There are 4 protein chains.
Amino acid sequence: MESDANILPRPLRGIFPPMVTPLLDRDSLDVAGLERLIEHILAGGVHGLFILGTTGEAPSLSYRLRFELVERVCAQVKRRVPVLVGITDTSFVESVNIARKASDAGAQAVVLAPPYYFPAGQAELLEYLKHLTAELPLPLFLYNMPRYTKAIFEPESVRAALDVSGIVGLKDSSGDMVYFHRLQSLLKDRPDFTLLMGPEELLAEAIFLGAHGGVCGGANLVPQLYVDLYHAACSRDVSVAGSLHRKVIQISSTVYSVGRYESSFLKGLKCALSCIGICSDFLAEPFHRFRSAERDIIRRHLDELGITRPRQS
Amino acid sequence: MESDANILPRPLRGIFPPMVTPLLDRDSLDVAGLERLIEHILAGGVHGLFILGTTGEAPSLSYRLRFELVERVCAQVKRRVPVLVGITDTSFVESVNIARKASDAGAQAVVLAPPYYFPAGQAELLEYLKHLTAELPLPLFLYNMPRYTKAIFEPESVRAALDVSGIVGLKDSSGDMVYFHRLQSLLKDRPDFTLLMGPEELLAEAIFLGAHGGVCGGANLVPQLYVDLYHAACSRDVSVAGSLHRKVIQISSTVYSVGRYESSFLKGLKCALSCIGICSDFLAEPFHRFRSAERDIIRRHLDELGITRPRQS
Amino acid sequence: MESDANILPRPLRGIFPPMVTPLLDRDSLDVAGLERLIEHILAGGVHGLFILGTTGEAPSLSYRLRFELVERVCAQVKRRVPVLVGITDTSFVESVNIARKASDAGAQAVVLAPPYYFPAGQAELLEYLKHLTAELPLPLFLYNMPRYTKAIFEPESVRAALDVSGIVGLKDSSGDMVYFHRLQSLLKDRPDFTLLMGPEELLAEAIFLGAHGGVCGGANLVPQLYVDLYHAACSRDVSVAGSLHRKVIQISSTVYSVGRYESSFLKGLKCALSCIGICSDFLAEPFHRFRSAERDIIRRHLDELGITRPRQS
Amino acid sequence: MESDANILPRPLRGIFPPMVTPLLDRDSLDVAGLERLIEHILAGGVHGLFILGTTGEAPSLSYRLRFELVERVCAQVKRRVPVLVGITDTSFVESVNIARKASDAGAQAVVLAPPYYFPAGQAELLEYLKHLTAELPLPLFLYNMPRYTKAIFEPESVRAALDVSGIVGLKDSSGDMVYFHRLQSLLKDRPDFTLLMGPEELLAEAIFLGAHGGVCGGANLVPQLYVDLYHAACSRDVSVAGSLHRKVIQISSTVYSVGRYESSFLKGLKCALSCIGICSDFLAEPFHRFRSAERDIIRRHLDELGITRPRQS
């Protein structure tokens with residue numbers, strides 16, 4: 001049975017929340033909050049867990065803490081669902097280090113955006129992927145996050161990556177649906193290659209038109225909403241999916257939109273999790289948690305949305 | 001009956017092709033091609049015609065030619081469908097001049113993107129809209145085209161524009177579906193305010209989730225495809241709509257993607273129209289028509305897509 | 001003598017203020033202000049006048065008004081200095097129209113930035129220049145203004161443009177000094193090709209290292225400051241030039257930096273000209289003049305800078 | 001005497017080469033090459049050494065290798081000149097770790113650009129600096145590198161940073177001379193605060209107009225050229241400085257400009273160092289060394305520039 005859980009379905013389908021990293025301070029995990037958060041998310045019926053991504057503030061964390069997180073999460077999930085671990089780094093060597101740690105801890109796959117300091121060309125990216133996959137102990141998902149990494153895996157590079165052993169899917173957080181549809185078209189003869197949508201605001205349409213799932217930040221907060229939306233869209237129920245989609249947009253327009261910085265998504269999400277008693281809202285530098293004025297706004301938005309403290313926590 | 005045609009439905013629903021401007025040279029219309037193009041488009045069952053937009057190369061044309069085009073199009077359409085005229089300009093005075101010409105010629109509405117030389121702030125844009133609508137003889141659609149105009153009507157500005165008399169809708173060519181969904185959410189209490197999708201690659205999902213129609217460049221070439229997709233999406237037939245959507249993506253990935261410049265969309269579309277005998281493929285500076293190598297590629301794409309010379313032309 | 005004035009020196013050396021366009025409203029020149037402004041500028045010892053550039057709000061003006069301005073300026077300058085006329089436009093035909101008007105009115109040269117709606121590729125730009133110069137009655141200066149036009153004449157394109165008949169110089173407003181130095185290096189065997197610096201903050205160093213002059217917006221306000229700086233830098237007096245340069249930076253950090261929009265340069269400059277009694281501060285849409293709060297700040301900055309109403313106006 | 005070397009002059013004046021990191025493979029230093037490189041640079045008369053910056057590929061290196069490099073460099077320099085160590089990182093904790101290592105090894109200062117994954121706001125950056133300096137054992141130089149870090153220390157933030165204990169200077173690699181001049185103006189009452197120019201193409205003018213020195217990548221290759229240019233500019237010899245400046249531009253237009261990627265600077269510099277026998281040209285992922293075609297071009301450029309193998313190496 002354990003062996004089954006360890007075999008990653010191809011394609012991988014469903015909702016894979018990019019887990020926030022509960023922190024007590026810049027180098028300490030909120031261990032109790034982490035446990036509550038994992039159980040809260042799994043109780044929503046999600047299909048896996050993605051840690052150490054952008055929503056997980058991975059680049060802001062020390063390697064020591066990243067390693068601790070990988071171990072604690074894998075230990076608690078106990079293969080109930082696959083765990084995907086972000087290994088994006090500007091240093092090839094450090095990416096491999098985290099991947100090995102993930103494999104040792106029992107994770108099922110790793111996820112990688114382009115190195116994000118130097119902007120690499122597409123040919124360079126492809127060579128980098130070939131070198132990297134040769135060193136990786138786990139299957140790899142590519143991850144487009146051009147806003148933060150300055151690079152995207154262009155369609156021609158994705159086509160070439162299909163032939164690189166060990167690359168099994170792609171998560172697109174570009175928000176560029178024209179690009180996404182072109183990828184879908186490109187992948188039509190490779191049904192085993194997983195295509196996941198990043199921004200939750202685009203989940204409904206991505207599933208309608210053929211994507212395999214989503215990596216929805218809001219699924220930290222209300223996992224069942226995204227799971228329900230996923231199932232409605234899979235069964236082509238435009239009416240129900242549209243209604244759940246509008247709820248998602250409402251969360252996005254309120255909880256993620258307080259304050260004027262780009263980080264409002266992350267601050268709003270952690271604040272909301274704190275408001276409903278799941279985990280601490282501490283953010284690693286360069287960010288900081290919402291002060292009380294913003295927290296009051298978040299609390300009001302949660303009330304209007306009917307998002308409340310879960311019974312068990 | 002004619003009077004009916006002149007009353008613009010609110011909201012305006014359906015497919016409104018952004019017509020290319022057939023040219024013999026930089027300051028001469030291809031008059032015969034223009035007539036064939038209009039009849040070809042209308043035969044596809046579209047719900048209106050949008051002239052002098054980006055696809056129409058409006059900014060590259062002399063004012064004399066723009067005026068001639070407005071008159072010829074209105075004269076030929078003869079109110080069979082509404083004609084919308086682009087009045088985007090860096091000069092307020094010239095925008096008003098075109099709007100008056102459009103009204104005199106019998107057009108039903110005008111369409112305006114932000115002035116595109118100086119990047120204006122949102123408060124400045126809103127004041128500009130208030131000054132401008134006071135001078136306009138026709139209802140106004142806002143037009144987001146941030147790639148070319150450096151500015152977008154941000155959600156808060158759209159909310160404020162709802163109270164400006166004369167503004168009846170918005171066409172969004174940003175390609176940013178998260179933005180689009182936020183607009184849809186914002187407009188949920190104003191069902192009379194028209195929301196149209198620009199990029200045809202996003203038409204299916206826009207309609208599924210509540211948009212009123214699309215301004216699809218490909219409807220110059222194969223208008224019925226977009227009309228059929230519109231109807232399938234309106235009736236929530238995910239299967240048929242998905243199939244037509246994939247055809248749209250195939251056109252986008254082939255006909256619009258020859259060559260390395262951003263202008264490949266425009267060059268490919270005009271080249272394709274020339275290949276099937278509709279109109280000349282001349283482009284105004286700073287562009288030029290495809291040379292024979294690219295033209296051969298376009299022809300091959302059209303063959304594969306089954307897009308052929310219409311019988312009547 | 002008149003014939004001498006009409007022959008443009010090659011290279012053209014000195015200070016060429018990009019004249020603001022005094023307006024009473026969006027389509028009316030402030031004729032009296034225009035006369036005062038021209039005399040104020042010429043009294044400062046400048047070497048020419050550049051009208052209908054970015055500082056002149058050319059794209060925001062109707063063609064009727066642009067034509068009127070060309071005629072009035074040429075009539076008043078009476079060949080005391082060369083007049084350069086901006087013909088930048090998205091429409092090739094309209095650029096030629098303004099150039100002909102400029103020639104008829106007695107201007108000495110025209111100035112052109114790339115067409116600014118569609119982003120053209122370098123090969124397209126070069127072809128465009130070849131077509132255009134064939135139609136122009138006056139010598140042409142290229143004009144880099146990438147912030148507003150989305151395109152720059154890249155070094156290889158400038159090298160190719162050296163062989164296009166009629167192109168006699170380039171004004172660079174990119175603010176990119178590395179690019180500028182590469183151009184200087186490229187042009188070292190063409191001492192007849194004029195290279196002018198746009199941003200006045202970079203005038204001193206441009207002249208130290210070989211540029212021929214500057215197109216300084218601040219020379220509308222205090223023309224002699226820029227003329228003096230030009231002469232000090234030409235004579236390699238680092239100490240005097242440095243001192244005048246610091247005055248220029250002080251103007252830039254105060255008069256041009258009120259408010260949060262990019263247009264603060266233009267608003268501040270027109271406001272300052274109004275404060276010292278030269279001309280109206282009306283701005284064409286999409287901008288508007290400073291309200292009284294900002295005007296008070298400008299007035300205070302002018303006091304601190306010792307910029308006062310000139311005696312004769 | 002040793003104690004003198006350890007006290008950092010304020011301001012710090014001169015040429016501080018951003019040292020490339022000689023590598024044998026992605027996780028091994030080229031130890032012999034490193035020794036030759038350090039002696040080659042110091043023989044040119046430079047005033048200090050900056051390691052683990054952008055030119056040093058710091059973000060691409062493992063922490064293990066970064067630590068090894070810090071120790072080896074400090075051990076070899078033996079306080080002959082100050083060593084500045086880059087501590088830029090997306091993780092606050094890791095920045096502090098490197099700073100402590102630098103202090104232990106005997107370095108004199110640390111250098112920090114904004115964290116480069118998440119784009120932080122200015123208020124967040126300032127708070128980050130306050131938290132960070134409290135943990136740092138060495139004085140801190142700020143480092144603007146907006147192309148790679150997405151953020152700049154805006155003038156108002158620099159003004160505020162003047163009051164943060166431990167911040168002693170700023171290196172600006174923005175290439176934006178208007179910004180740089182505004183900083184100079186801002187700092188006129190703080191002559192102890194060091195202002196250094198990044199791009200070597202702007203060194204001459206920066207020194208003419210008051211900067212304290214430069215961080216010139218080319219000083220890895222021909223250190224004396226930059227030292228001579230620095231001295232000529234300090235003594236306001238426009239003629240000699242101009243002539244050396246033109247040599248710098250020639251290097252920039254040739255050695256740094258082979259190939260189409262942004263990384264051509266780094267690849268060209270390492271290739272040139274290899275051609276003249278200083279050190280290996282291996283680059284860490286995502287880059288790779290020039291292949292033989294590009295290497296031949298670099299060799300030809302070096303010949304034309306008269307840059308040859310130094311006698312002692």
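This is a predicted model: local features need pLDDT of at least 70, side-chain atom pairs count only at pLDDT 80 or more; totals for chains, interfaces and linings use all residues.
Residues are numbered from 1 along each chain as its sequence is written.

The sheet considered here belongs to chain B; it is open, comprises eight strands in the order β1-β10-β9-β8-β7-β6-β5-β4, and has parallel pairing. Strands (E, at least two residues) and helices (H or I, at least four) are DSSP runs numbered from the N terminus, and two strands pair if DSSP finds at least two bridges between them. Within chain B, β8 (residues 167-172) and β9 (residues 194-197) are joined in the parallel sense by four bridges; B:Lys171 has B:Leu196 in β9(B) as its bridge partner.

Helix α3 (residues 63-77) of chain B lies across β4 and β5 (83-86) of chain B and runs at about 165° to β4(B). Axes are lines fitted to C-alpha atoms, for helices over the stretch in contact, with angles from 0 to 180 degrees between N-to-C directions.

Contact denotes heavy atoms within 4.5 Å. No contact joins chain A and chain C, and their closest C-alpha atoms lie 15 Å apart. Chain B and chain D likewise do not touch, with their nearest C-alpha atoms 15 Å apart.

Notes. Chains are lettered from A and ligands numbered from 1 in the order in which they are written. Side-chain values use heavy atoms; hydrogens and water are left out.
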